[in-house]
Amino acid sequence: ASSMPYASPTVAGIGQRVPIRVLRRLGAFLGPYRRQLVLAVVALVVAAGTVLGFGAGLRWLVDNGFAGGDRALLDRALIALFGIVAVLSIASWARSYFVSWIGERVAADLRKAVFDRVVDLSPAFFEVTRTGEVISRLTTDTTLLQTVVGTSASMAIRNVLLVIGGAAMMIVTSPKLTVLVALVLPLVIVPIVVFGRRVRRLSRESQDRIGDVGAHVEETLNAIRTVQAFVHEDSDRRQFAGRVEDAFRVAV
């Protein structure tokens, strides 16, 4: 059993669809790294706020600096612009560093927890589950979760903050324009939702096919003496090529 302060996830559902609620269990893996998580959130908020402030500052500069011909104001605005860019650069670097660190750390803890769980499973589990598939799930699937935690989640939160902040600024600037954008927004969101579901399904099928490829390689190489003794190389080549082509068709 794992000695870590959270429960190890079960592997009994290998190859099945993973509901969204299962991803909530990742919160247990994020718990020990609250400090890094807080720093990442702060950097994320600062970076998003700086981007929004950058646009508002440019608008103010055009309205008051260029239109009014105030050279002193333009000089001060240039210095402020360099300051904003510096803050944005530092915040973006901090967000990228802490988010990537959390993703790598969670993936490492997840691999250890899954392995701790796998070695405790009964021999009956391995009689019906191929070892290569378990290995593929332990490596490939955890890498996918690492991408979700270390990249996709932060990008999604940043985009949400930008949308909320941009919408608020647009409402203040021009309510009429905001209404027009709101009317057009469903035309953009509906295709994203439809194609997003298809992409998720294809991604899941692609992971399954890649798992099949890894399982076939593991089984063949572990029994390579038996394969060569029965002159089964050509058959294994055809089977492996078929599995690779299946993975390719799903991916494209």
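Predicted model: local features only at pLDDT ≥ 70, side-chain atom pairs only at ≥ 80, totals over all residues.
Residues are numbered from 1 along each chain as its sequence is written, and side-chain values use heavy atoms, with hydrogens and water left out.

Let's begin on the inside. The largest nonpolar core has 18 residues, and Leu 26, Phe 29 and Val 106 have the most contacts inside it. By nonpolar core I mean a set of buried Ala, Val, Leu, Ile, Met, Phe, Trp, Tyr and Cys residues joined through side-chain atoms within 4.5 Å. Buried stands for under 20% relative accessible area, exposed for over 50%, and partly exposed for in between, with a 1.4 Å probe and protein chains only. Which helices each supply at least two residues of this core? They are H2 (26-30), H3 (34-66), H4 (71-118) and H6 (131-173). Helix H4 gives the largest share, nine residues. Helices here are DSSP runs (H or I, at least four residues), numbered from the N terminus.

Take Leu 26 as an example. Leaving aside neighbours within four places in sequence, Leu 26 is in contact with Val 106, Leu 110, Leu 145 and Val 149, contact being heavy atoms within 4.5 Å.

Now for the charged residues. A search of the whole structure finds four salt bridges, each a side-chain nitrogen of Lys or Arg within 4 Å of a carboxyl oxygen of Asp or Glu. In one of them, Lys 112 pairs with Asp 109, with the closest N and O atoms 3.8 Å apart. These two residues are about one helical turn apart because they sit three residues from each other in helix H4. Is Asp 109 buried or exposed? At 1% relative accessibility, Asp 109 is buried, whereas Lys 112 is partly exposed at 42%. Arg 105, Asp 109 and Lys 112 are linked in a network of salt bridges.

Another bridge joins Arg 201 to Glu 205, at 3.1 Å between the closest N and O atoms. Both lie in helix H7, four residues apart, or about one turn. Over in helix H9 (residues 233-251), Arg 237 and Asp 234 are three residues apart, and their side chains meet at 2.7 Å, N to O. Arg 237 is exposed at 54% relative accessibility, while Asp 234 is partly exposed at 47%.

On to the rings. There are three aromatic pairs in the whole structure. Rings of Phe, Tyr and Trp (its six-membered ring) pair if their centres lie within 6.5 Å; planes under 30 degrees apart count as stacked, over 60 as edge-to-face and the rest as tilted. Trp 93 and Tyr 97 have ring centres 5.6 Å apart and planes at 10 degrees, so they are stacked. Both lie in helix H4, four residues apart. Tyr 97 and Phe 98 have centres 5.3 Å apart and planes at 75 degrees, so that pair is edge-to-face. Trp 93, Tyr 97 and Phe 98 form one aromatic cluster.

Finally, the surface. A nonpolar patch includes Leu 177, Val 184 and Val 193, and its members together have about 1,100 Å² of accessible area. Such patches take residues with over 30% relative accessible area and no salt bridge, joining like charges within 9 Å and nonpolar side chains (Val, Leu, Ile, Met, Phe, Trp, Tyr) within 5 Å. Areas come from the Shrake-Rupley method with a 1.4 Å probe, and for residues only the protein chains shown count as cover. Val 184 is found in helix H7 (residues 175-222) and is partly exposed at 45%.
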